[in-house]
Amino acid sequence: MKRINRRDFIAAAAGAAAFPMPAIAQGDARVVVVGGGFAGATCARALKKLDPRLTVTLIEQSRTFTACPFSNAIIAGLRDLKDQQFGYDRLVADGIAIDFAPATAVDPQDRTVTLSNGTRLRYDRLVLAPGIDLRWDGLPGYTEAAAEAMPHAWKAGEQTLLLRRQLESMEDGGLVVISAPANPFRCPPGPYERASLIAYYLKTKKPKSKVLVLDAKDAFSKQGLFQEAWKALYPDNLEWVSLSKGGKVTSVEPATRTLVTDFERYRAAVANVIPPQKAARIAELAQVTDRTGWCPVDAMTFESKQQPNIHVIGDAAIMGGMPKSAFSANAQAKVCAAAVARLIAGQKPDEPRLINTCYSLVAPDYGITVAGVYQPKDGVLTDVPGAGGVSPTNAPKSTREAEATYANGWFNTITAEVFG
Amino acid sequence: MHRIGIFAAATILALSGPARSADAPPGATSCTGCHPATRADTPVPRLNGRDAAQTIAAMTEFRTGKRPATVMDRIAKGFTEDETKAIAAWFAAQKD
């Protein structure tokens, strides 16, 4: 009894075999989450809730998060930027350590993250939720300086306000042009919700004006519903030009706010250029991006297919049929947290099921949705057959009003879960 | 001597993380994107602490089209009866 002899050791080993040995002593396990948006902040909180013994550190460069969903309503003068802004106090109260500095390097071999302030953090599992970067090499003429004249407003904040101010100072009769990118990009219905709400603003405030959407695609999210609404609400104020009708913008000239296609030159009073996108830079530095610029991940755990112990969630990841939405990011984050907690405990993650619901406003009292249910199939997150789809066409006004009300409720709920 | 073995096994068990029974069934964690886990200004009902039979009945009626819906008719079709029961039971047990 004084010393553990060989027989005791075998007994202990047998016990360990029955309950798979944790990869690391769990009380010491460290998870670092990079990015404090819908994906990262959700994941950090879910991890801490699943296992309070985990050391969870969130890396985020800004002390205030500005949410993208509903930011199109700000552009149209229907909402204030402060309604989109959230802090991280409740995450700190949950016991999450937060380092407000950009991550500048990831070493997948040493399992370390380095921050701009010199801090180096070791991790057992790293969750990257960095969101997107705009491809400044993706559209000739569209540089960071050009975005001051032709805002993208595709990361909510100062750019959102800039586009709003430009619309407000535009004279009636002006031409607003939106350039929409090819797939994939953040928020697939976003450009069309934006066109709708800008048309609403023009119709009510500057009725001789028009918004023109130049598109690098022939089809887009909720297309039938948007087009039905545009015909009914904005026949004189909104026009969409598809790829096959020459809609693809091939270059821009910021000095004159000109957008160039293969067939035409459009000189805009206000130009909103939504450029091609890719996973944010830190994903490249962590060597988890592929040639597309996005991050391939396992469909069960969202662990990178390129680097073990690094998981990628949210807009930066390739998630099969799931769109790059805040709802998806939040849902993926909770599944990822459960998988990470299981893996750290030496347990097998469950096969996940995920939901996405995505609201768009065509007018303040006119909402439409797309929803989907997803599960892994042949290694890819795939729509569950028979589920999901878009709102009905030819629906009564009451349905559109109800979806606008639910859209507001959704925003309140998800931001309360993530930041409240 | 056996006691040491049992103790070691118990220790490993204790360290091996949250009990499996507490884990959310597939799909459940997505719901709180719209159904508030705590409090939020929304017409959408809370599922946490809600009687499982109520949740199951609502999901069944959404699936068959008997209950009017905006998105829930489309979402309910992504879950079988057994999957719905597991989700409803898990939410019923969530008290916070």
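1. In this predicted model, the largest nonpolar core contains 156 residues. The residues with the most contacts inside this core are Val33(A), Cys43(A), Leu47(A), Leu128(A), Ile198(A), Val312(A) and Ile313(A). Helix 10 of chain A, residues 326-344, gives the most to the core, namely 14 residues. Both domain 1 (28-131 + 280-419) and domain 2 (146-276) of chain A give residues to the core, so it lies between them. As a general matter, nonpolar side chains in soluble globular proteins tend to be buried together.

2. Cys43(A) deserves a separate look. Apart from its neighbours within four places in sequence, Cys43(A) is in contact with Val33(A), Val127(A), Ala129(A), Ile313(A), Ala333(A), Cys336(A) and Ala337(A). Two of these partners, Val33(A) and Ile313(A), are also listed among the residues with the most contacts inside the core.

3. On the domains: the assignment for chain A gives domain 1 as 28-131 + 280-419 and domain 2 as 146-276. Taken over C-alpha atoms, the centres of domain 1 and domain 2 of chain A are separated by 27 Å. Contact between them involves 28 residues of domain 1 of chain A and 30 residues of domain 2 of chain A. On the side of domain 1 of chain A that touches domain 2 of chain A, helix 3 (71-75), strand 22 and strand 23 of chain A each supply at least two residues. The residues of that side of domain 1 of chain A comprise 17 nonpolar, nine polar and two charged.

4. Helix 8 of chain A (residues 223-233) has Leu225(A), Phe226(A), Ala229(A) and Trp230(A) as its buried residues. Seen down the axis of helix 8 of chain A, these buried residues fall within an arc of 130°, so they line one face of the helix.

5. What do the buried residues of helix 8 of chain A pack against? Their partners in chain A are helix 7 (190-205), strand 13 (238-241), strand 22 (354-363), strand 23 (366-377) and strand 25 (389-390). Strand 22 and strand 23 of chain A also supply residues to the side of domain 1 of chain A that touches domain 2 of chain A.

6. On confidence, the model scores ipTM 0.90 and pTM 0.91. Chain B has a mean pLDDT of 83, with 76% of its residues at 70 or more. Over residues 1-21 of chain B, however, the pLDDT is below 50. Beyond near neighbours in sequence, this stretch of chain B has 36 contacts in the model. Where pLDDT is low, the predicted coordinates should not be read in detail.

Methods:
Residues numbered from 1 in each chain as written. Chains lettered and ligands numbered in written order. Predicted model: local features only at pLDDT ≥ 70, side-chain atom pairs only at ≥ 80, totals over all residues. Buried ≥ 20, exposed ≤ 12 C-beta atoms within 10 Å, placed from the backbone. Helix = DSSP H or I, 4+ residues; strand = E, 2+ residues; numbered from the N terminus. Arc of directions from axis to C-beta. Contact = placed C-beta atoms within 7 Å. Core = buried A, V, L, I, M, F, W, Y, C linked by C-beta atoms within 7 Å. Domains from an automatic or database assignment. pLDDT = per-residue confidence, 0-100. Nonpolar A, V, L, I, M, F, W, Y, C, P; charged D, E, K, R; others polar.
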